[in-house]
Amino acid sequence: MIQIIEDCELVGVADPLGKKTGFLIPVFFSPVSNALLVEERSSNGRVAGYSPLHPQETKIVQTSSGHSRIGNSPHWAFGLGEDVLVGRGEQRREELKKALSGRFLLDRPILALEVTEFLDLKRDRNNLAKKIFRDMSHKSIDVARRWRDLAILTTDINAALLDQQTDRAGDVKPFATPTLAAQVRGSEVAIRSSSALHFEGKIFRVRLEKIVRNCLAELSDLYERPDSDWIFRFHEVRDTRAAPDALPQVGALVYLADRELPISDPSGYGGQESIAIYPHDQSRQFMSDVLAFELPSYVSFLLDDAYGDILSGSSELNRRRPLGLALRPGRSKDLLRSEVEALSRYPHPTVVVTQQSPPGFLRDAFSGEMRDAVNLLSPSWYVDGQWVLPSKTSAFMRARGLGPQKAVDALAQLYERCRLLKMNTSTGVTFLSAEAGRATGFREFAALLFPQLDWKYLPKAPRVKQPIDAALLVAMDLDADDEYRWQSHCKTIESIARIREWETEVVGDNNRERRLELRSSGMDVELKILRDKPRGGRTSYQQPPRFDIGKLDKLVLVDEANAGMILSRLERYGDLLVTPRDLCCFDPTADSIWVLHALQLKRMSHWMVSKSRTVHVALICRAAIEQGMAEVDDTQRLLAALEDPLLGQGAFLATSRMKSSEPGCELTLKFVSRGSNIPLPDQFSSFGSFLLRIDQQGPTLITAE
């Protein structure tokens, strides 16, 4: 709250949804503040001060002028579609009351209910609640009961309890006003609180029972009185304000706004990771829970649809502002124009997450980075019931590192992904694991790859299925200057080489590439940094005969280099594609290009077989045999299998049990067919599993035990 401001001028109302519908937020200006302001209320309902509007980019609707001063009655605003009513205190309330009989609110009973509560029209409010409950019951009686218990009964109980607290007699010690949740099933009334302290003492329970009975009597159209009497049950709910029938350890609420977002195992996610997931047809239940519980909430939607509204609920829901989670289901690297336009679907701050499931697999809307984003953002960015993010639109990504330098490897992965998305990493935050923060040399690489970002440690016990070494929440600045990005990238790559103790010299520079000479005590290489993705050439993936990949001294750095791209480049130009991730972990003191081959094998190792990965691994296995480093049975027959034209078509090399070491790796290899029901050709069938080890001396093949 900005305490030094005594009065402000009304400049309009904030309209988060841009529809002039429902309660809006009066916005003010003061010459002593650079930000647009909103009023803060004291416990007596008067203006107590002013706070910045968040976010400042919220659409502002111009209204008539007005004046606000500390100690005066606060302003209010309500949108009726075309018209916006703005008043202060009791002003214009009669106009708002008349609007209840107009077509606009008759067609919107939820909004009308809010108006009756605001105007304290109890009878009208209860009649509307009865109508809404009846309409909901036709679709789902469970959802209707949940809404009735949370939005109506629980609200009345808490309001009555707050009113009574100010008049309590001296026989009850003062206590903080509890927030309770109620559930009615038949004659049983379950009351829960986040602290058992609220239920201590017989006097408090008796008073609470009386309050609840009075509320139920006033809501007789919603609750049928039992034949005998109400039965009260009091329960404590630890670490949550969830309703009695909600998950016991819920930590976040997620609504899937698009029908195309399937859930493979909702009970597993909710029960195991404390996330309550609401499918597309449970929007009302989601809105009720968001309003009832002070929990981080999210609205997830696909980023391939630029049309359609998302959850245009009550103004109270708009003020709570569930965080948008925009899922990129495709595998394209750059944001498409349609995806950029789709970011306007949701009016509140949004985090973009990229789905990276392999082609052909079921898109599970709540797996991988989507799940980890919720588990990491909730404890880190949800403060006092509000999301506090570095930008209105941000991108989330996380990485798990490989090898002894896994912390550096994880950061390098994030750097590459930012490059592929063409993002300017000048605003944002990077999460670090405590272990990563203690890693030798890690701080140097962190400051080098993301020099302008703030840093946070991961929550002590993040609910993730696998350890995360680094994560990134970065503002999506899609208008970054391309020349600036290119020059910054080149400087970063040169700095990486120097940190790795290479002597560097720029020997060529133009608009398309920059060439460096890298020298160490035992080896010299040429590094060419390409500005754009290399052009496609021959992609036959045939190993060049007698090509010695252990003596390569020309490297070409790009943002992405998979097995197919590496093979095509070798076949066409005879140089080796590398990425920033490879360069970050490439130690020149090993005096061997084989360390670089080992790094690439580690990052490309995958349980799924493919032609390009098979041919790439076979190329290294051939080198081991040709150098006399094969301790396997019938070496010549294995060499013939590795050179067979069917390899990569009718037979593949499956990799498993990857073990990382400094400065190499070990893989278990086995010939397999394309499918379990397809026989393996005879020339590959008699081989068992064998090991491929790579260190600075080169590759070695060993029969697996």
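1. Asp591 is partly exposed, at a relative accessible area of 38%. For the cut-offs: buried is under 20% relative accessible area, exposed is over 50%, and partly exposed is in between, with a 1.4 Å probe and protein chains only. Asp591 sits in the loop between helix 17 (580-585) and helix 18 (594-604); helices are DSSP runs of H or I with at least four residues, strands are E runs of at least two, and both are numbered from the N terminus.2. Before going further, a word on provenance: this is a predicted model, where local features need pLDDT of at least 70, side-chain atom pairs count only at pLDDT 80 or more, and totals for chains, interfaces and linings use all residues. Numbering runs from 1 along each chain as its sequence is written, and side-chain values use heavy atoms, leaving out hydrogens and water.

2. Asp634 is another one to look at. Its phi is about 55°, positive although Asp634 is not a glycine. As background, most residues other than glycine have a negative phi. Asp634 lies in the loop between strand 28 (630-631) and helix 20 (635-642), and counts as partly exposed at 41% relative accessibility.

3. Now the chain overall. The protein chain has 21 helices and 32 strands, and buried residues make up 53% of its 705 residues. Taking contacts (heavy atoms within 4.5 Å) with a separation of 6 or more, 66% are between residues 24 or more positions apart. The chain exposes about 33300 Å², with carbon and sulfur atoms supplying 47% of that; the areas come from the Shrake-Rupley method with a 1.4 Å probe, and for residues only the protein chains shown count as cover.

4. Which residues touch the most other members of the largest nonpolar core? They are Phe450, Leu527, Leu638, Phe671, Phe690, Leu692 and Leu701, out of 112 residues. Helix 19 (residues 611-626) gives this core its largest share, nine residues. A nonpolar core here is a set of buried Ala, Val, Leu, Ile, Met, Phe, Trp, Tyr and Cys residues joined through side-chain atoms within 4.5 Å. There is also a second, separate core of 44 residues, with Leu80, Leu113, Ala144 and Leu216 among them.

5. Phe450 is worth a click in the viewer. Leaving aside residues up to four places away in sequence, Phe450 touches Leu411, Leu414, Tyr415, Cys418, Thr425, Thr430, Trp455 and Leu472.
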